[in-house]
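Subject: Structure handover

Dear colleague,

Here is the structure we spoke of handing over. Please look it over before reading my notes below.

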Amino acid sequence: MPPPAPAASGAPGWSAATTTPTGTLLLRHGETSLSIEKRFAGVSDVPLTERGLAQARAAARAVKDRDVEAIVTSPLERCRATAAEVAAVTGLDVRVEDGFRETAFGAWEGLTFREASERDPDALAAWLADPSAAPPGGESFEAVARRVRTALDKLKVRHRHKRVLVVSHVTPIKILVADALGAPLPSLYRMHLDTASLSRVDWYDDGPASLRSFNDVHHLDA
C-alpha cells in the first residue's frame, strides 16, 4: 500500500498518494576535524578524517540497495569525497549543486560555540533567536533557505519521479526536512544530525512532502 501524501488542495487531512514522488535520500558528509571539535564548519573546505572516510564507505554500502538513480552533492570537499564513495559502489555519476553547500559562517568559521559567544555575544544571541540574522560576514538561515529551495526545484525538474541521493551538510538538510514538515525555520535549532546520517523525504506533485526517516545511523554500527 503506498504511503499517504498530502491532499492536492493543500487542505488539512491526508489521502492516498496519486503521483509518484521525487525521492531525496539526504546524506550528511562524514566526520571532519572540525566536526569532532564541534566547530563552525561552513565554507571551510576541510577533508574527511580517516573515520569520516570509513563512515562514507559505510553509508555507500547502505545506499547501494536503495535504488538511487542519481547523486547530487555540495561542492565542498567533505561532501564530494563522501559522494565519491557512493559513486564507486553504484556506478552513478556525481553532479555538483552549489545550492546545497553549507552556511557561510563568516567570522565564526572554525570557532567553537563558546569562542563565538565570547567574541560576538550579541550577534550570537541574535542569530540563535532569528533566522534572518547572520553571523558577522556570513549568511543568515533565511538566505541559505532561499538557495536550498532553488536547488531542490532544479533537482525536481532534472530528476522528476526519481530517487536522488543528496550529499550535503547540517543546515541544508535541516531546511529540507523543515520544509517537508511545513515547519518554520526556527525548528532548525531543535534538530540534530550526526555525521554520515541518512534522512529521506519524498516530494509529491499533488501535495507537499512526506518525511520517511531522519538521522538514520544504523549503517554506521554494521
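Predicted model: local features only at pLDDT ≥ 70, side-chain atom pairs only at ≥ 80, totals over all residues.

Helix H7

Helix H7 runs over residues 170-181, 12 residues in total. From its first C-alpha to its last it reaches 17 Å, close to the 16 Å expected at 1.5 Å a residue. Most of H7 is covered, with 10 of its 12 residues buried. Among them are Val-170, Ile-173, Ile-175, Leu-176 and Val-177, and the buried set also includes Lys-174. After H7 comes Gly-182, which has a positive phi, near 70 degrees.

Arg-78

The UniProt entry, which is unreviewed, lists Arg-78 under "binding site". In the model, Arg-78 is part of helix H3, residues 77-90. Is Arg-78 buried or exposed? Its relative accessibility is 1%, and buried means under 20%, so Arg-78 counts as buried.

Neighbours within four places in sequence aside, Arg-78 is in contact with His-29, Thr-32, Ala-41, Gly-42, Ser-44, Asp-45, Val-46, Leu-48, Glu-102 and His-169. With one of these, His-29, there is a polar contact between the two side chains, at 3.3 Å.

Regards

Terms used
Residues numbered from 1 in each chain as written. Heavy atoms only, no water. Helix = DSSP H or I, 4+ residues; strand = E, 2+ residues; numbered from the N terminus. Expected span 1.5 Å × (residues − 1). Buried < 20%, exposed > 50% of the residue type's maximum accessible area, 1.4 Å probe, protein only. UniProt positions renumbered as here; feature names shortened; annotations may be inferred. Contact = heavy atoms within 4.5 Å. Polar contact = N/O pair within 3.5 Å; in protein donor to acceptor, adjacent residues only side chain to side chain.
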